[in-house]
Amino acid sequence: MVGLSGRGLTTLKRSTRLANRLFSWIIRGLVKPRIIPETIDIQPDPSICYVLESDLLSNRLILEQATVKAGMPSSLQPAESEHTPPQAMLAIQEMRGLILRRPDLRAHLDDLKSLLEWMGSHPEQDIQLVPVSIFLGRATDGDSGVFKILFTENWPITGRIRRFFSMLFNGRDSIVQFSAPISLRQIVEEDLSQRRLIRKISRVLRVHFRRVRSSVLGPDLSHRRTLLDTLLKTAVVRDAIRVEARKKKITLNKARKQARKYAKEIAADYSYTAVRIASRIMHWFWNRIYNGVRVRHKHNLTDIPKGSEIIYVPCHRSHIDYLLVSWLVHNQGLVVPHIAAGVNLNMPVIGSILRRGGAFFIRRSFRSNMLYSVIFNEYVDMMFRKGVSMEYFIEGGRSRTGRLRDPSMGMLNMTVRSYLRHQQRPVKLIPIYVGYERLVEGSSYLKELSGGHKKSESVGGFFKSLKILREQFGRVHVSYGKPIDLATHIEQFEPNWRDTPDMATQRPAWMPGVVEELGLEVMRAINRTTHVNPINLIAVTLLSSLRNAVSEADLIRQIDFVRTVILLSDLSDEVTVTDMPAADVIAYAEGLKSVSRKEHALGDVIYCEEVQSWSLTYFRNNIMHLLTAHAWVACMFRYNMSFSRTRLLMMASAVYPYLRRELFVPIAEDDFPAHCERAIDHLIGMEFLRVDKHDADRLHRHRGDTTQAMQLKQLSAPVFQSLERYYMTVAILVRNGSGTLSSGQLENLCHLCAERLSIMYSRNSPDFFDRALFKGFIRKLRDYDILGTNEEGKLTFGEQLVDVIEDAKGVLSKEVRHTILQISYIPDESANQEQIEAPQDDLEAAALDSAEAIVEEKTPPPAG
């Protein structure tokens with residue numbers, strides 16, 4: 001103002017007021033702010049000073065518009081008297097420069113100084129500092145335009161041009177959030193020097209605005225280079241770089257370059273604009289290939305207290321899962337999580353897009369690479385410290401069979417480790433069940449299960465996959481499970497865990513057990529929120545029929561029966577089942593080409609061809625855990641007209657731990673007999689079983705040629721194949737002898753025998769000979785000390801296995817037992833062929849004699 005006369009200064013002030021009125025008129029036409037909270041409990045006395053994050057003219061005028069709308073004191077009125085504070089508004093950041101504008105973070109200090117001086121001269125007065133946050137277009141829905149998305153609110157303070165377009169496209173979706181007032185008098189009474197008071201007030205306001213912006217937009221991750229620099233400067237990474245240089249005998253500079261290369265390979269490059277554009281594309285995509293996405297139990301996510309660290313842990317059925325969960329979370333109004341993705345997806349162009357959507361990449365294995373391991377662990381730990389929500393698939397990879405895969409503990413281990421190191425906020429794990437009615441990768445899964453090699457992901461393969469846009473894949477069903485509180489889970493296994501010393505630097509001895517049980521609990525929690533869709537129902541019923549074909553009338557009857565059994569199982573209050581009538585279920589499956597129909601004068605036959613049956617196996621396996629108790633009871637009557645209730649429950653207690661581990665059934669081991677009791681009562685009530693008149697412990701089924709017997713036999717199918725695998729594993733062990741086979745050899749023999757049995761009985765069920773299922777069963781046998789290992793690494797066993805072959809006579813057919821025993825031993829070249837083709841009773845007797853001989857350690861096992 002230097003050099004201006006009084007008349008010139010007056011003219012300038014009038015011009016400024018005129019310009020402000022003009023801009024105010026324009027902004028009133030563009031911006032219609034929504035005020036939060038709707039009811040503002042702020043009294044005009046004591047005096048109010050509004051605090052903005054930035055002094056942009058648009059922010060000042062929007063604030064004035066909001067104060068008028070809310071009936072609050074004006075933010076632009078000058079001081080009316082000496083009893084009024086010198087200003088009604090200040091900003092933490094002031095933009096300097098005419099063209100290249102830069103934020104000045106210290107300009108507000110003079111404003112705070114003048115307020116404190118005014119307070120000093122008016123000791124009876126107080127000033128309320130009211131922080132006000134302004135957001136233009138915080139979130140968008142599926143109908144938002146591209147420009148609306150591009151100019152939504154972001155972390156960086158924007159310039160004049162971008163701000164104008166933000167008001168133009170998002171002004172009517174703006175938010176003005178008034179926070180609770182801060183008493184300046186209370187801060188002044190802390191008896192600090194004026195300089196320290198100003199620094200404290202400034203720090204409090206900066207932290208406040210950052211927290212509000214973080215809760216609305218998510219953590220500030222827009223400066224990837226800064227994040228990487230911070231990561232590489234941590235003490236742990238610096239130590240790892242020095243170790244790498246010594247170990248590989250390279251220069252320190254070269255080791256640093258390698259570390260930065262690893263960090264760039266791992267780190268996400270989160271972009272809010274990219275997320276919003278991707279949300280719009282995904283909205284079109286879902287409606288193009290699916291008939292909708294149905295979400296259940298949203299309250300399990302929305303009811304989580306604010307300030308919690310959220311970890312999304314969905315099951316992994318398809319590559320679509322990555323996009324689906326993020327899109328749903330964004331539509332829920334929450335921040336899109338960072339997603340742990342396999343490095344195989346880090347392809348040219350595609351990888352860059354995924355990074356901007358929050359993906360960070362992880363190698364399949366990096367135990368032997370110490371430097372990479374340290375950098376990845378520190379990156380994940382940094383994300384936790386920043387409060388970034390995360391998403392990862394603890395199965396490690398996509399399920400090719402429809403069953404949940406064994407949990408991979410790597411990311412869970414890092415989650416627990418970071419929580420123990422910092423404990424800044426509560427951690428909630430959200431299990432998510434994702435169910436499809438038709439798989440995008442269905443054909444590739446079939447090729448892999450048939451022995452084909454998995455094709456590596458590529459850009460060319462991505463563009464080839466776009467042909468799916470011409471097809472329909474039914475509906476997608478997503479269910480949010482009940483949150484698992486990490487601290488509560490740890491306390492169940494280690495009540496005094498908070499007293500463990502040095503948790504920040506050393507891994508507690510109890511941690512591996514806690515992590516392993518957490519992984520199993522997550523898998524069971526996913527199954528606890530299963531939705532049974534029409535394809536699940538048609539799969540579990542049709543595949544249980546003879547040669548995968550059945551009359552339409554019988555299929556309708558069996559669908560209703562299975563639906564009733566699932567509803568009666570009382571597995572969880574969050575399990576849901578489609579209410580579609582059985583006839584409509586069949587028609588729906590036909591529309592998705594999941595089944596075929598053969599018209600006939602005596603009634604149409606519904607069947608599935610070989611490829612269809614392999615696909616249906618996937619959807620049957622999605623829900624087998626829901627039928628465990630009823631299917632177990634039905635298994636006992638598959639080849640028996642009657643069975644003892646006591647023996648049924650005793651055998652259930654013995655076998656259930658293995659079924660629970662294989663299917664991740666959410667029923668405790670001690671509770672399973674009670675569930676079987678209820679299943680028996682259900683089947684008696686539906687007249688599939690009856691109690692013997694003279695022996696209350698004896699149960700009977702109908703004759704084999706009756707409809708009830710057929711339905712009961714079909715109900716047993718989900719569990720029956722598991723029992724065959726268990727018997728096969730035990731038979732191979734017993735016939736080959738203790739101390740003869742290693743775990744790897746046993747797994748291979750089981751796989752080959754199951755594959756051969758599948759061919760002989762024309763079973764179109766590729767998961768029957770899945771190596772992972774045999775591996776899990778063998779591991780469980782070792783966990784229960786039924787199997788041991790000698791000094792040579794061979795499996796040893798005792799008398800616990802002797803009774804298994806005898807018990808199998810009550811469950812498996814003679815034909816199946818004979819076939820398994822025939823192929824369960826690989827003889828030497830000198831073995832007598834007559835021994836191999838011995839009668840069934842001789843084979844079982846030989847197996848039992850072999851086991852008894854091994855237990856007593858009298859003689860070696862026979863060659864045949």
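**Close-up views**

**View 1. Arg661 is found in helix 26, which spans residues 645–663.** Helices here are DSSP runs of H or I with at least four residues, and strands are E runs of at least two, numbered from the N terminus. This is a predicted model, in which local features need pLDDT of at least 70 and side-chain atom pairs pLDDT 80 or more, while totals for chains, interfaces and linings use all residues. Residues are numbered from 1 along each chain as its sequence is written, and side-chain values use heavy atoms, without hydrogens or water. With a relative accessible area of 17%, Arg661 is buried (under 20%; exposed is over 50% and partly exposed in between, with a 1.4 Å probe and protein chains only).

**View 2. Here are the partners of Arg661, including Asp406.** The side chains of Arg661 and Asp406 are joined by a polar contact of 2.9 Å (N or O atoms within 3.5 Å, one able to donate a hydrogen and the other to accept it; residues adjacent in sequence count only if both atoms are side-chain atoms). Beyond the residues within four places in sequence, Arg661 is in contact with Asp406, Leu520, Arg779 and Lys780 (heavy atoms within 4.5 Å).

View 3. Ile394 counts as buried because its relative accessibility is 3%. Take a look at Gly519 among them: Ile394 and Gly519 are 125 residues apart in sequence, yet their C-alpha atoms are 7.5 Å apart in space.

**View 4. On the surface, Leu22, Phe23, Trp25, Ile26 and Leu57 form a nonpolar patch.** Together these residues have about 500 Å² of accessible area (Shrake-Rupley method, 1.4 Å probe). Patch residues have over 30% relative accessible area and no salt bridge, with nonpolar side chains joined within 5 Å and like charges within 9 Å; a salt bridge puts a Lys or Arg side-chain nitrogen within 4 Å of an Asp or Glu carboxyl oxygen. Helix 1 (residues 6–30) gives the most to this patch, with four residues. Phe23 lies in helix 1 and, at 39% relative accessibility, counts as partly exposed.

**View 5. To step back, the chain holds 35 helices and 25 strands.** Of its 864 residues, 53% are buried. Among contacts with a separation of 6 or more, 76% join residues 24 or more positions apart. The chain exposes about 40700 Å², of which carbon and sulfur atoms supply 51%.
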